[in-house]
Each structure stands twice: as structure tokens, then as C-alpha cells.
Amino acid sequence: MPAVQSRLTVRLFATLVFFSVLAGQFWRNLLGWWGFGAIAVFILVGSIGLLVSLKPEWTWRGFPKSLAAFMLVATVSLAWSAYPGASAIGITLQWITTITALFLALCLTWAELLRTLAVALRWILGLSILFEVVVAVFIGHAVLPFWVEYTGKIPAAFYWSRGLLLEGGPIEGIVASRNLLGFIALLALIVFAVQLFAGTVARGRGIAWVTVALIMLWLTRSATVSVALLAVTIALLFTLWARRLPPLGRRPLYLSAAAVLAAVVVGLVAFSPALLSMLGKSEDLTGRFDIWGRVIDLAGERPLVGWGWVSYWVPWVEPFDGLAVRKGVQYLQAHNAWLDVWLQLGILGLIIFAALTLSTLWRSWFLAVDRPRLGIADTETYAVSSILPLLLTVALLAQSLAESRILVESGWVLLVILAVRTKRPGADAELLGLGRR
């Protein structure tokens, strides 16, 4: 019984961690920065405490070296940072997030990760629907975050919710951002669908939550998430195709994948105005082109090692003060993770980040399309759950082209989990145990 209670405590804490990193803006809007800080400290202390008490098995050989290299370069960038005070804060927050992610990656099984992430996603989607109903039906007007006072004309991006549910959206939910809520809905769609087809949840309940995730995707009207959904769908189709081919007979698949990628690139270049109009975006991707141009110019001034790691931009120091302002809103990211890494850690950091993400994608792909090498017969059916790491990784990478969230909070936590778990020995067998279809 004590062991059962101990695992229950671990799962409950993990659910809180997933909820908090995915919906950090909910805590900040509800409790202010001091309240959010208290929750962050609690999560950090709990993560360290559980890592120490559970003593999870791990080996350096089975640990992603690119993750260690990225954290090392980010940390030592303090030595050449153009804003050492801000870098000290950013590096500390990056380590806090990484330690939290390592707790999840090392102390939970794949089954527990899937279960706790699913519970957190259900809470976020459920509370978001309830919140939007209350705002639209009972309050009847847009709602601002608590603990903050604004003067003058308030930009739309500052509102917690604009109360547009009855108009069909877009809605922001408890996370105060339609792009973030849309991406959470995409993650939920992946997780809930895997649970449904793997048979780890009741069929009726599984279908209901998949439907909720699809409705939330539609209500957010997020163009960036629509592109990520397309990337995930293509990855899923190629995975199912690969599973029907022998390992040595996949050359047509890889050639087709290269052709599709080339066609997508050409299509985006040739038809971007029409596509952006279809997705409800301006031709400059809602100001992203301007932001990218400024970031590229700034990164070019210190191209090799960057300006120093800071994670979220700090708006009160140069060169971030006024770097990206649009319609009265000062943005704190490059809206492209790759440009953000180049800006902060230079080409050196960009190479390491590429190694981290692409090696994770590589391992996730072969977990999805190859059977475990444990004497499993070639006639055995594949595990639905083995697709999970690949689809989550593809979603993160697709989002990284228009947002920098893969570097912070939930994006970084998920990337670290996927990098660590796919590298661990026996990852294929453990995923197989979640169910076959």
C-alpha cells in the first residue's frame, strides 16, 4: 500500500507540473507574479525532492549529450552576455524548467507520462470552456487579468478573454492566448487519440475528449496551429505507410517525403499571400516578417556565440527594449525558435539546438516505425502508443517555425522529456506495453 500511495503522489504532482507549465499564464493572471512564483518554487522543490528520494536509474550513455551541451553553452554564455543580469535570470529559469522536466522524464513511466499529461490537458480544456462560457454568458464583456492596471487604449492581446465564444471565437481560454490554447488542443488531440486507439481509456470517454479537442482547435482559429496540425497529419500518414514496408524497402517512402517537403516549401513561397489570407493572416504573418528581419540584423552583429542566453526577452534591457513592438504590444520572443537561438547563442548554439531537436525526431521516427528488437515477430502488430513521441516532436518542431515556445515552459519541458525518454534503453519495449493496434 505505501508503494501504491507513493506512485499516486508522484502522478498527482506530475499532473500539477504539466498543468502549470502548459497553463502558466493562468496562474499569472489569477494569482499575479508572486502567486505564480510560489507555485514555481513548490514545483522546483518537489521535483528535486522526488528526484532525490526516488533515485531513478539513468546512465550517461543513455542521456542525450546534445541536451547537456545546450544547457552548458546557455550557462557559460553568461561570460560574454551583453546583459549579464538578465542572462542570470534567464539561465536560472532555464535550469528550473530543465530540472522539472528531468523529474518527469526520469521518474515516470511512459504510461504515467501519458496518463498525467492527458489529465492536465483535460483540466485545461475543461476549465477553458467553463471560463469562456462564464465570460460570454454571465459577464458579457472582455476580461482583463487580475492584479494589473492598464491605462489608455488597451491592446486586444492584453485581455485574458475577449468573450467571443457566442460569436464562434476566436477564444483564448484560461491561458489567455488563442495560439497557445490552440496548440494545447493539438497536443490534447494527439494524446487523447493515442489513448483511444491504444484502448487505455473507455471508448465513449475517449471519443468525447477527442471531440472536445477538435472543437477547441476550431474555436481558437490559430493559423500557426493549423499548419502544425497539417504537419502532424502528414507525419502520421508517412508513419502508417512505413509500418507497411520492410525496413530495407522504405526508399520510395523517403523519396516521397523529400518530394512532399520540397512541394510544401515551393507552395509556401509561391502561394503564401493566398494561403495566409485563407488562414486569416496578413501577408507579413501578423508582423512576424518585421520581427524576423530585426532579429536577423541583430544576430548578425554577434553571429558566432550570440548576445547571451535570456530565454524570454527582457524588455527593460538593450537590445530587447523596443525590439519587437506591434500595435502597442511589446513581444518577448522572435516568433521563431531557430532565430531566437541564433540571436542568443549564435551559430554554436544553433548547431547544438539542431542536434537536440533532430536527433529526438530521428529516434522518435524509428520508435514509431520499427518493432522492438526483443524477439518480437515481424507479424506482431505495432503499438499505437509508439507513435506518440513522433507526433509530439513534429508538433513542437512545426510550432517552432512561428513561435519560440519550444525554448520555454511547456515547450522546453516536452522537448526535454522526449529527448531523454527516446534515448533511454528499452523505450521501444515500454511503449509497446501501452497497447497494440
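Me: What share of the contacts in the protein chain with a separation of 6 or more comes from residues 24 or more positions apart?
Reply: Such residues account for 76% of those contacts. A contact here means heavy atoms within 4.5 Å.

Me: Before I go on, what kind of model is this?
Reply: This is a predicted model: local features need pLDDT of at least 70, side-chain atom pairs count only at pLDDT 80 or more, and totals for chains, interfaces and linings use all residues. Residues are numbered from 1 along each chain as its sequence is written, and side-chain values use heavy atoms, with hydrogens and water left out.

Me: How many helices and strands does the protein chain have?
Reply: The protein chain has 14 helices and two strands. Both are DSSP runs numbered from the N terminus: helices are H or I with at least four residues, strands are E with at least two.

Me: And how much of the chain is buried?
Reply: Buried residues make up 51% of the 437 residues. Buried means under 20% relative accessible area, exposed means over 50%, and partly exposed is in between, using a 1.4 Å probe and protein chains only.

Me: Which residues make the nonpolar surface patch of about 730 Å²?
Reply: Ile 129, Leu 130, Val 133, Val 134, Val 137, Phe 138, Ile 139 and Leu 166 make that patch. Patches are made of residues with over 30% relative accessible area and no salt bridge; like charges are joined within 9 Å, and nonpolar side chains (Val, Leu, Ile, Met, Phe, Trp, Tyr) within 5 Å.

Me: Where is Val 134 found?
Reply: Val 134 is in helix 5, residues 110-139. Val 134 counts as partly exposed because its relative accessibility is 33%.

Me: Change of topic, salt bridges. How many does a search of the whole structure find?
Reply: Eight. A salt bridge is a side-chain nitrogen of Lys or Arg within 4 Å of a carboxyl oxygen of Asp or Glu. Side chains of opposite charge can pair when their charged atoms come close.

Me: Which residue does Arg 7 form a salt bridge with?
Reply: Arg 7 pairs with Glu 112, and the closest N and O atoms are 2.6 Å apart. Arg 7 lies in helix 1 (residues 2-22) and Glu 112 in helix 5, so the pair ties together parts that are 105 residues apart in sequence. Arg 7 is partly exposed at 24% relative accessibility, while Glu 112 is buried at 10%.

Me: Take Arg 405 and Glu 409, which form a salt bridge. Are they buried or exposed?
Reply: Arg 405 and Glu 409 are both buried. The closest N and O atoms of that salt bridge are 3.0 Å apart.

Me: What does Arg 122 touch, then?
Reply: Not counting residues up to four places away in sequence, Arg 122 touches Phe 192, Gln 195, Val 201, Arg 205 and Trp 209. Arg 122 itself is found in helix 5.

Me: On to the backbone. Is the peptide bond from Gly 169 to Pro 170 cis or trans?
Reply: Cis, with omega near 5°. Pro 170 lies in the loop between helix 5 and helix 6 (178-198). The peptide bond from Glu 318 to Pro 319 is cis, with omega near 5°, and Pro 319 lies in the loop between helix 10 (288-299) and strand 1 (325-326).

Me: What is phi for Lys 55?
Reply: Phi is positive, about 45°, although Lys 55 is not a glycine. Lys 55 is in the loop between helix 2 (24-54) and helix 3 (65-76), and it counts as exposed at 62% relative accessibility.

Me: And for Ala 176, what is phi near?
Reply: Near 65°, a positive value in a residue other than glycine. Ala 176 is found in the loop between helix 5 and helix 6, and it is buried, with a relative accessible area of 17%.

How values were computed:
Areas by Shrake-Rupley, 256 points an atom, 1.4 Å probe, with all protein chains shown as cover.
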